[in-house]
Amino acid sequence: MPAEITRLTDPCTGDVCIRMQHDSGLEIRVMEMPAFSTSYAQFGTRFGSVHRKFRRAGDAAYTEMPAGIAHYLEHKLFENPDSSISAAFSRLGARDNAYTDFDRTVYYFQTQQHFYEALELLTGFVQEPYFTQESVERERSIIAQELRECLDDPADQVFFQMLGGLYPEHPVHTDVLGTEESIRQITPEILYTCHALFYHPQNMVLCCAGNVEAEKILQLCDRMIKKRTPVTAAPFRYPERAPAGRLIRRKTMPVGKTQFAAGFRSRPESGTVRLKESLLSSLTAELLIGSSSPLCQRLLAEGLINDTFSTDCFAGDGWFTVLAEGESDCPEAVLDALCAEIGRVKKEGADRALFDTLKRAAYGDTVISMNHPEAACAAMLDSFIWDGISPFARAELLAQLTADDVQGCLETRFCTDNICLSVIEPESLGKEESEL
Amino acid sequence: MSRKMTEYAAPDCGEGSTENGLRYTALCSPKFRSCLLTFYFYVHRTKETAPVHALLTDLLTASSAAYKDHAALSLRLESLYAADFSAKLSLCGDDAALVFTASWLDDRYALNGEAITGQVLDLILGCLLQPNAENGAFCDPAFRICKQNLLDDIDCLCNDKREYALQQAAAIAYQGTPAAFSVHGSREDAETVTPAQAYRVWQEILRTSFCEIVCVTPEPKPEIEAAVRGALGQLPRNAAFFDFDAPTAPKQRPAVQTETMPLEQSKLVLVYRYDSIPREVLAVLCGVLGGIPESLLFLNLREKQGLCYYCALQSSQFKHTVTIDCGMDAEQAETVQAAVAEQLRKLQDRDFPDEMMRQAVLQYEYHAAAVQDAPDSTAAAAAAMYRRRDLRTPEALAEAMRQVTREQIAEAAKQLTPDTVYLLRAEDGEEADADAG
């Protein structure tokens with residue numbers, strides 16, 4: 001059966017995303033950008049660090065995998081019995097790599113030449129697992145080193161400490177890499193099981209952008225993508241927790257100044273609703289305490305924050321958090337000021353002119369951000385992972401938002417009875433200097 | 001006179017013109033949806049001026065005479081479709097560049113047909129030439145806030161352990177020269193900077209610093225050059241372009257230092273110096289040793305021996321150094337050093353496959369192509385060409401790299417002399433006994 005092809009067009013820029021439903025079940029998304037010198041391909045699956053508990057069709061009980069399994073699998077797929085995958089990409093002049101996130105694992109390359117040969121390599125090795133006891137064992141020390149590097153990173157630690165307070169029942173609070181203890185439990189059998197469950201075409205997307213042609217990519221997929229009967233696995237749905245009040249979590253690390261991240265937990269969403277709520281929450285956070293806001297200026301002048309301060313919205317399948325983070329000698333005072341501002345805006349209403357300015361800025365960001373093959377590729381992949389929505393939905397949803405939406409957002413997304421303040425305080429560096 | 005091209009193919013900028021201490025280069029590519037204008041003000045550094053230069057990059061992008069605080073300036077930029085005006089201090093050997101960059105959405109994407117370009121130009125030229133200052137001094141509270149940002153940056157250098165280790169190694173390797181100062185300077189010097197001193201230094205820079213300007217737009221915009229030249233041309237400028245070459249002096253024996261910190265992972269930094277290696281030879285050497293995906297360091301230290309999670313390499317053409325840094329367990333420090341030395345011996349003995357040299361050229365060609373796909377990297381590449389005084393196109397350099405022989409690599413590798421060994425040791429690690437030999 002030929003692939004089903006649709007063309008999604010961005011009304012703002014005229015960009016076109018060619019969306020092809022391959023008969024293997026794989027979704028292929030392509031943006032042809034012939035003026036660019038480089039091309040990018042990303043082959044991703046909806047298998048990330050949070051997908052650890054699932055029930056296969058016919059099973060009575062849920063199966064739980066060790067933390068860090070998706071990341072471990074990502075590392076091990078680069079193993080090949082005959083030759084090095086990375087060396088093969090390098091011979092073509094391409095750069096390959098991969099990453100694992102909470103909700104996805106993505107393998108990718110970027111190149112100026114030999115795009116289709118590199119794409120053949122990419123689609124080939126991701127579908128061909130090869131694990132041995134020896135190679136899985138060897139990887140353990142490399143991943144343990146990577147994990148230790150993260151443990152020394154205060155930005156990582158303040159974030160995961162916050163998630164630990166907000167989502168104690170959900171695997172999102174665990175580092176994507178797992179722990180040294182959890183990765184000790186990983187075996188070749190577990191890796192093969194996860195590959196069979198989550199790396200089938202129906203669960204995957206191939207995104208290409210740059211100096212590429214959709215037709216040629218489709219032909220290559222006809223040759224390379226294996227048709228498989230999907231093994232379905234229903235993910236475990238973690239129950240929503242009642243608001244836990246205002247938690248504070250602290251620890252010390254060798255840092256120069258106190259680091260903090262304050263997160264507001266709220267009801268998770270999916271698909272287009274999640275994207276719209278994320279955009280609205282980000283705009284609302286900017287309105288409250290972003291760099292153009294009077295509150296931000298006051299906190300800077302009072303020395304309570306510095307130029308590292310920022311806000312963000314962190315949302316996925318099972319979590320939704322608006323956060324404010326940075327450096328401060330008094331994080332509690334920053335959070336108090338933010339909560340007071342939330343109360344004030346609830347009472348007095350949002351500054352409409354500021355909201356419209358922020359919306360215009362978000363539009364400008366959106367138009368510029370798609371002006372690179374790598375960013376276009378990432379946007380297509382993001383939108384697939386977020387339940388198959390269009391990569392151009394952001395601009396359309398932005399246009400729908402008004403200052404009147406801010407009140408509802410404050411009520412549902414900035415709940416002051418469901419907060420965790422994570423603080424990393426400096427510890428004595430205990431320096432000593434000596435000749436080796 | 002500036003160089004202009006209707007379609008940007010490669011950073012082929014020619015010699016440019018250095019009239020009135022500034023050079024303006026305009027590059028165009030219709031694939032871009034945004035415009036970018038970058039100013040490089042080149043300065044010599046001293047211990048005392050290092051923090052002032054860092055402070056100025058923040059001060060001049062946080063407010064201006066027209067927009068008195070960060071929120072007002074930020075709001076104005078947001079209203080221009082998220083235009084951005086930011087700055088950084090970029091180290092170039094013993095010298096530095098205060099790099100101010102504005103980027104904005106091209107006018108054709110404005111929702112109501114507004115002329116964004118003209119408004120952005122007014123805004124940024126105002127920031128640079130009519131700063132937030134009165135009576136010969138920057139104004140508070142903007143100055144106080146920016147100074148606190150700088151002090152916090154200095155205090156927080158240790159947050160990123162890898163960067164911290166690299167900085168500590170640089171301070172040892174380049175001791176006695178300005179390259180030893182961190183990008184922010186010392187806390188002691190930063191604390192003494194006054195609003196009047198910072199203002200004086202900025203006025204001095206405007207009068208005496210060579211200014212490299214690179215503009216990248218989707219289509220020719222002569223009005224940008226006219227506005228920039230009109231504004232900066234009114235200043236009495238007396239500036240000459242720098243020679244950034246500042247080779248690291250040989251040490252009688254390698255400097256060796258260790259420092260402990262409560263960490264999970266130790267960091268080892270090895271600095272090697274050389275006398276003179278042609279750019280194309282150095283590029284291939286660095287690619288084979290640590291630049292390509294399956295380089296000697298990656299293959300042997302990480303993949304075969306599992307000694308470290310990362311083992312990266314960078315070179316400083318102006319300081320004539322090659323720096324290798326690794327993250328590993330403390331007890332592996334000695335083994336890692338020996339393994340790095342072993343890879344260098346392989347280069348000296350010509351014991352590496354030709355394929356690695358070919359891959360080094362391919363990687364360079366990819367990098368050169370990728371640079372052209374974004375306005376910021378396009379501008380940075382053009383400025384770097386001028387700094388290096390090497391105006392070869394990427395194609396010409398790639399061709400020169402293809403002609404590099406194994407003998408040239410071996411001879412160049414023999415020049416790499418151990419200069420500095422710095423270990424940031426995890427507190428709980430066992431005693432490491434590194435040998436710089």
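**Notes on the two-chain model**

1. Let's start inside chain A, where 15 residues of domain 1 are in contact with 20 residues of domain 2; contact here means that C-beta atoms, placed from the backbone, lie within 7 Å. On the domain 1 side, the residues that touch domain 2 divide into 9 nonpolar, 5 polar and 1 charged. Nonpolar covers Ala, Val, Leu, Ile, Met, Phe, Trp, Tyr, Cys and Pro, charged covers Asp, Glu, Lys and Arg, and the others, Gly among them, are polar.

2. A word on the source: this is a predicted model, in which local features need pLDDT of at least 70 and side-chain atom pairs count only at pLDDT 80 or more, while totals for chains, interfaces and linings use all residues. Residues are numbered from 1 along each chain as its sequence is written, and chains are lettered from A and ligands numbered from 1 in the order in which they are written.

3. For chain A, domain 1 is 4–235 and domain 2 is 245–351 + 403–426, with bounds from an automatic or database domain assignment. The C-alpha centres of these two domains of chain A are 31 Å apart.

4. Now to the partner chain: 61 residues of chain A are in contact with 61 residues of chain B. Elements giving two or more residues to the chain A side include helix H4 (133–151) and helix H12 (352–369); helices (H or I, at least four residues) and strands (E, at least two) are DSSP runs, numbered from the N terminus. H12(A) provides the largest share of that side, 9 residues. By class, the chain A side divides into 21 nonpolar, 23 polar and 17 charged.

5. H4(A) deserves a look of its own. Its 19 residues reach 27 Å from first C-alpha to last, close to the 27 Å expected at 1.5 Å a residue, where the expected span is 1.5 Å times one less than the number of residues. Among its buried residues are A:Val136, A:Ile143 and A:Leu147; buried means 20 or more other C-beta atoms within 10 Å of a residue's own, with exposed at 12 or fewer and partly exposed in between. The buried residues of H4(A) pack against H1, H6 and H7 of chain A, together with strand E12 (321–328) of chain B.

6. Finally, please look at strand E3 (residues 34–44) of chain B, where 10 of 11 residues are buried. E3(B) pairs in the antiparallel sense with E5(B) over 11 bridges and with E8(B), also antiparallel, over 6 bridges; pairing requires at least two DSSP bridges. B:Cys35 has B:Trp104 of E5(B) as its bridge partner, and B:Leu36 has B:Val216 of E8(B).

Methods. Two residues are in contact if their C-beta atoms, placed from the backbone, lie within 7 Å.
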